[in-house]
Amino acid sequence: MLIAIPRESIAGENRVAMVPESVKRLVAQGFSVAVEASAGAGASLTDADYQAVGARIEATADALFASADLLIKVQPPTSEEVAKLKADSALICLAYPLANPALAKAIAARNVTLLCLDMIPRTTLAQMMDVLSSQATISGYRAVILAAEATPKLFPMLMTAAGTIPPSKVLILGAGVAGLQAIATARRLGAVVEAYDVRKVVKEQVESLGARFVNIDVEDAQGAGGYAKEQSEEAKQKVAAVLAQHVAKSDAVITTALIPGRKAPILLPAVMVRGMRRGSVVVDIAAEQGGNCELTKPGERVIVDGVTIIGERNLPSQMPVHASAMFSRNMEKLLAHITTKERAMNLNEADEIVRGMTITRGGQIVHADVNKAAESAP
Ligand code: NAD
């Protein structure tokens, strides 16, 4: 089976789906691997690095797509790339098929099997293959670095001959994978950290990282699969009143709150931002899903009344070496799960992970929820 790794074509995407370290192990296992020329350039990897571990370099995307049995990439394919997909091949990538069923339809029409990375069930077994988790870890780290860079203050407390500098106060809203990494990173930089999440089960994790959990007396909003569910209107108002006081005291607020399948909840309305001191910073990791801050402009950095609001997209791409390395490790684990010892595809429909992530097969959309989304799409 020939595994093909293209150069990511979307502007600003520096990651590559597989790094040489993984290619080396796959080649040793009997896979053939082809890599498009310069595919690793954004992640500081050269074609020679890939050749040295046994990959073949393809000069063009056309040649690479035409030879692939299994194409592995990070971002969803563009329409030009869909047109290049080889019939009867398989594609592994992020694809957001519930939000974009038209892409799934187009891939099915090419008779290509789509294995979608953002649909892998978030079970313990699947965690090793879960790029949403690995990349959220990077986002959490990067968000704190952006905040530290944008703030005019120091994060750590300093006691010097020139006086004592108090530590910065950082508030993290949402303590899932990204939020917990943000807490750990802000603590390492010496900030005093507080965090809030609607799922009270995370309180202990927050405290174990050296942050204070903001306790608000409302019902717990842990939903199915360990994710958050929407809070009642009454609870939202109570939470907003308490958070407003914490936000006003914070030098940096990092928001990470998501509810699966819905627009990100607004946790920082404009009035709360206006209550922040000049020079404070908001980093909105949820910008891609609409943002947790009412004033976030997705993809931009704006300053409102002296408060910098960072809504940059695709934070993992800003740390492309380790983001690619973690993505690549996830792909190795996934390949081990979906291929035989003879290095052929083995898509066992009885398997929960395979069933969850297989979106198209045999020219059809085979995932019930995506089919429903495709039927109701305009
Ligand atoms: P997520 O990205 O969907 O959401 C981020 C965080 O925002 C969550 O902790 C959520 O509770 C919180 N949130 C939502 N609405 C909020 C609001 N209004 N106010 C404050 N916080 C709010 O979640 P995630 O980081 O992907 O993980 C959520 C859970 O799933 C965690 O318990 C995690 O350990 C678990 N998980 C399991 C796996 C796996 O087993 N494969 C993988 C990833 C995550």
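Start at the ligand and select Val177: one of its polar backbone atoms is 2.7 Å from an oxygen atom of the ligand. That makes a polar contact, meaning a pair of N or O atoms within 3.5 Å (within protein, one must be able to donate a hydrogen and the other to accept it, and residues adjacent in sequence count only if both atoms are side-chain atoms).

Before moving on, note that this is a predicted model, in which local features need pLDDT of at least 70 and side-chain atom pairs count only at pLDDT 80 or more, while totals for chains, interfaces and linings use all residues. Residues are numbered from 1 along each chain as its sequence is written, and side-chain values use heavy atoms, with hydrogens and water left out.

Next, select Gly176, where a backbone N or O atom lies 3.1 Å from a ligand oxygen atom. Then pick Asp197: an N or O atom of its side chain is 2.6 Å from an oxygen atom of the ligand. The ligand taken alone exposes 830 Å², and the protein buries 86% of that (accessible areas by the Shrake-Rupley method with a 1.4 Å probe).

Switch to a cartoon view and find the open, mixed sheet of eight strands, ordered β3-β2-β1-β4-β5-β6-β16-β17. Strands are DSSP runs (E, at least two residues) numbered from the N terminus, and two of them pair if DSSP finds at least two bridges between them. At the edges are β3 (56-58) and β17 (364-365), each pairing on one side only.

Select residues 2-5 and 32-36: these are β1 and β2, which run parallel and are joined by four bridges. Ile3 has Val33 as its bridge partner in β2.

Then go to β6 (residues 113-116) and β16 (residues 358-361), an antiparallel pair with two bridges. Leu114 is partnered by Thr360 in β16, and Thr360 also stands opposite Ile365 in β17. Between β16 and β17, which form a hairpin, are two residues; Gly362 in the turn has a positive phi of about 60°.

**Last stop**

Finish with Lys84 and Phe65: the charged end of Lys84 sits over the Phe65 ring, 6.0 Å from its centre (NZ of Lys or CZ of Arg within 6 Å of the ring centre and within 35 degrees of the ring normal).
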